[in-house]
Amino acid sequence: RNSKTGVNTVSSRQWCLIVPTTVVIIKEKLREDNIPFSSFLTDNFGRRHNYLRISLTEKCNLRCQYCMPEEGVKLTPRGQLLSTTEVLTLARLFVKEGVDKIRLTGGEPLIRPDVLDIIAELRKLEGLKTIAVTTNGMNLAKLLPLLKDAGLDLINISLDSLVPAKFEFIVRRKGFHKVMEGIDKAIEMGYDPVKVNCVVMRGLNEDELLDFVGLTEKKPLEVRFIEYMPFDGNKWNFKKMVSYQEMLDHIRQQWPDLESLQTGHSDTAKTFRVPGFKGQVGFITSMSDHFCGSCNRLRITADGNLKVCLFGNSEVSLRDVLRSGASDEDLLQIIGAAVGRKKKQHAGMFSISQMKNRPMILIGG
């Protein structure tokens with residue numbers, strides 16, 4: 001009995017004695033309810049941003065049609081990109097404020113020479129639960145043992161066709177077999193699930209949906225079909241986009257018993273499984289059925305700009321604030337102001353297609 005409030009309470013030790021099988025759940029729930037999340041990372045709609053995506057480079061060894069304009073992009077001078085120290089300084093600050101998942105993106109993050117050092121340093125951050133990488137898989141097979149030793153938890157691999165010639169057409173480079181080798185290596189090393197990202201584009205690869213689902217029969221993969229999204233230079237138009245519902249209907253013609261799986265509140269993918277299959281499939285429905293209401297993501301571009309929305313063109317330079325000698329408190333005020341300006345939802349596919357934004361390769365996904 002609490003002498004101040006007069007309320008009967010039960011200690012955590014007593015809970016252990018009463019219901020040992022549920023104590024972990026109870027303690028986790030109490031932690032979530034009672035520990036205030038950083039006000040700097042909470043927007044005006046109550047969304048808590050505990051997931052940070054950091055782009056390590058603007059460079060890539062592929063030239064994917066939906067990501068990079070055919071004529072290429074003008075790269076930021078090296079001195080204007082975040083240094084290793086600056087990447088880690090920002091990561092520490094965000095983790096201290098409550099970020100518990102960091103995803104390293106690009107460009108192609110695995111071509112950054114110090115990627116292993118960055119992951120190893122991130123692994124030391126108290127409170128950071130998950131370190132993930134999104135990669136095109138070209139260098140993955142040879143680097144993966146080192147990446148795992150450094151502390152990499154999750155892998156997303158981009159693969160937009162299972163036909164080698166079509167793969168080369170989409171990415172404008174050779175390398176299909178290297179990507180497949182990287183996927184197999186990830187499975188071999190125990191990553192489960194290995195996520196495979198497929199951007200579905202009408203007239204290019206929508207005829208391969210069933211083949212991709214078939215990959216999940218015997219492999220612990222989560223194949224994620226991503227609706228084609230508009231970014232500068234990728235020649236997006238509405239006719240190229242295959243909607244989630246259209247994809248789902250097509251797959252259900254082959255597997256009518258496709259079952260929906262439960263997902264977490266902030267998960268971006270709607271996930272399904274064919275009964276008896278080892279893996280699962282997901283749909284990223286950014287265009288046809290946005291998930292802005294549960295968004296918990298922030299992005300830092302390779303040149304140090306904070307983007308609070310993938311489809312917003314509003315950015316603030318954390319690099320310049322860092323280099324001015326600002327304190328952590330100064331940085332947090334800048335970050336908090338940017339998060340506070342985050343809109344309730346993005347503008348919708350038709351408005352987005354008319355907006356000025358970076359090409360995907362300069363955002364980091």
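Predicted model: local features only at pLDDT ≥ 70, side-chain atom pairs only at ≥ 80, totals over all residues.
On the α4 side, the contact involves Leu 116, Ile 119 and Ala 120. On the α5 side, Leu 146, Leu 147 and Ala 150 take part. The residues of this contact comprise 6 nonpolar, no polar and no charged.

Helix α4, residues 115–122, also meets helix α3, residues 84–96. The axes of α3 and α4 come within 11 Å and cross at roughly 25°. These helices, α3 and α4, are therefore roughly parallel to each other as well. Their crossing is right-handed. From α3, the residues in contact are Thr 84, Val 87, Leu 88, Ala 91 and Arg 92. From α4, they are Ile 118, Glu 121 and Leu 122. By class, the contact of α3 with α4 has 5 nonpolar, 1 polar and 2 charged residues.

Helix α3 has a further partner in helix α11, which spans residues 328–340. Here the axes come within 11 Å and cross at roughly 75°. Angles of 65 to 115 degrees count as roughly perpendicular, and α3 and α11 are therefore roughly perpendicular to each other. Leu 90, Leu 93 and Phe 94 of α3 make the contact with Asp 328, Leu 331, Leu 332 and Ile 335 of α11. The contact of α3 with α11 divides into 6 nonpolar, no polar and 1 charged residues.

Helix α5 covers residues 140–150 and includes Lys 142. Lys 142 is exposed, with a relative accessible area of 67%. Gly 182 lies 40 residues from Lys 142 along the chain.

Aromatic contacts were examined next. A pair of aromatic rings is described by the distance of the centres and the angle of the planes. The count comes to 6 aromatic pairs. One of them joins Phe 167 and Phe 176, with 5.7 Å centre to centre and 70° between the planes. This pair is edge-to-face. Phe 167 and Phe 176 are both buried.

A tilted pair is formed by Phe 225 and Phe 283. Its rings are 5.7 Å apart, centre to centre, with 40° between the planes. The pair links distant parts of the chain, with its residues 58 positions apart. Phe 225 sits in strand β6, residues 221–227, and Phe 283 in strand β9, residues 280–284. Both Phe 225 and Phe 283 are buried. Ring pairs also draw Phe 225 and Phe 283 into a cluster with Phe 212, Tyr 244 and Phe 272.

At the level of the whole chain, the secondary structure comes to 13 helices and 12 strands. The chain has 365 residues, of which 52% count as buried. Among contacts with a separation of 6 or more, 72% involve residues 24 or more positions apart.

Terms used:
Residues numbered from 1 in each chain as written. Heavy atoms only, no water. Axes fitted to C-alpha atoms, helices over the stretch in contact; angles between N-to-C directions. Helix = DSSP H or I, 4+ residues; strand = E, 2+ residues; numbered from the N terminus. Parallel < 35°, antiparallel > 145°, perpendicular 65-115°, else oblique. Left-handed = near helix turned anticlockwise from the far one by under 90°. Contact = heavy atoms within 4.5 Å. Nonpolar A, V, L, I, M, F, W, Y, C, P; charged D, E, K, R; others polar. Buried < 20%, exposed > 50% of the residue type's maximum accessible area, 1.4 Å probe, protein only. Phe/Tyr/Trp six-rings, centres within 6.5 Å; stacked < 30°, edge-to-face > 60°.
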